[in-house]
Each structure stands twice: as structure tokens, then as C-alpha cells.
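Here is my note on the structure you sent, as numbered points. Please read it with the model open.

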Amino acid sequence: MTETPAGVQQQLPVIELVRPMPGFPDTHRFTLEPLDDTGVLSALRSLDHADLKFLVVSPGTFHPTYAPEIDDETAAALGLTSSEQALVLLVVHAGRDLASTTVNLRAPIVVNIETSRAAQVILDEVAHSVATPLLG
């Protein structure tokens, strides 16, 4: 449970990774916690390791044309049958300031909003960078 700004507790759904993120083999369960009132910035917080969290954003605000295509195997593992079921999150690397902050377009995290199953998808698309300017 987490406290909302008004002090009301709410239950956050547990996001279950169908495969661990690279470099984090024992981390499978997360919650997605909004960090601002607009819902733009969130923390993907590990339930397996208390000190682990990733800052994430939805691409729509900063990269509205970004539409990654995931492979059939990943879609099946997540139980995705339509794009409307998918929440795409980009991992943020905070810079000294907003202008130097980047997002990883090469490896989005895709969450099935109906089942809460998720995976970080490593895309083959070389046009997508792991350090794309957030305000690019």
C-alpha cells in the first residue's frame, strides 16, 4: 500500500515480470508509483529489493510517435492480444538538468494492463537509442 498526496492509502497492483530485466536476475515483482500529480513521472519500484527503483515515463508526452513493435513470443508471454492492452514505459536516466536527461528507446518496458504481466523488450531497431534526449 502507498499513501496518496491526500493521505489516503491505495493498493497498487503488483507488476510481474515474465523474465527478469538484464542485470537483475532475481527481481520479478514491481509496483508503479506516480511521482507527480500529472502522472507523467513514475517509479517502477521493486518489491523484491527495497532499494531498487527505476524512473519511468510513458512515451506519449515526450516521444508521441514512438510505437515499438514487440515480437510474437513476448506478446504471447504477456498475454497481449491488442495494442490497447499495452502500457509502454521508458526508463529515464536523470541528467544534471532536464536538457541532459535521457530515455531508453531501445529497451522499453511493456506491461499488459489487464494481467499486470510485463517484460523489458530489447528492440532490434537500430534507430532507437538507449540514451535518447527526453526533450528530443
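**Notes on the predicted model**

1. The protein chain exposes about 7,900 Å², with carbon and sulfur atoms supplying 54% of that area (Shrake-Rupley method, 1.4 Å probe; for residues, only the protein chains shown count as cover). This is a predicted model, in which local features need pLDDT of at least 70 and side-chain atom pairs count only at pLDDT 80 or more, while totals for chains, interfaces and linings use all residues. Residues are numbered from 1 along each chain as its sequence is written, and side-chain values use heavy atoms, leaving out hydrogens and water.

2. The protein chain has two helices and eleven strands (DSSP runs, numbered from the N terminus: H or I of at least four residues for helices, E of at least two for strands). From the N terminus on, the order is β-β-β-β-β-β-α-α-β-β-β-β-β.

3. The largest nonpolar core has 15 residues (buried Ala, Val, Leu, Ile, Met, Phe, Trp, Tyr and Cys joined through side-chain atoms within 4.5 Å; buried means under 20% relative accessible area, 1.4 Å probe, protein chains only). Val57, Tyr66, Leu90 and Val103 have the most contacts inside this core. Helix 2 (72-78) and strand 7 (86-93) each supply at least two of its residues; strand 7 gives the most, three. Apart from this core lies another, of 13 residues, among them Ile15 and Phe30.

4. Leu134 is in the segment after strand 11 (132-133) and counts as buried because its relative accessibility is 5%. Leaving aside neighbours within four places in sequence, its contacts (heavy atoms within 4.5 Å) include Val57, Phe62 and Val103.

How values were computed. Buried means under 20% relative accessible area, exposed over 50%, partly exposed in between (1.4 Å probe, protein chains only).
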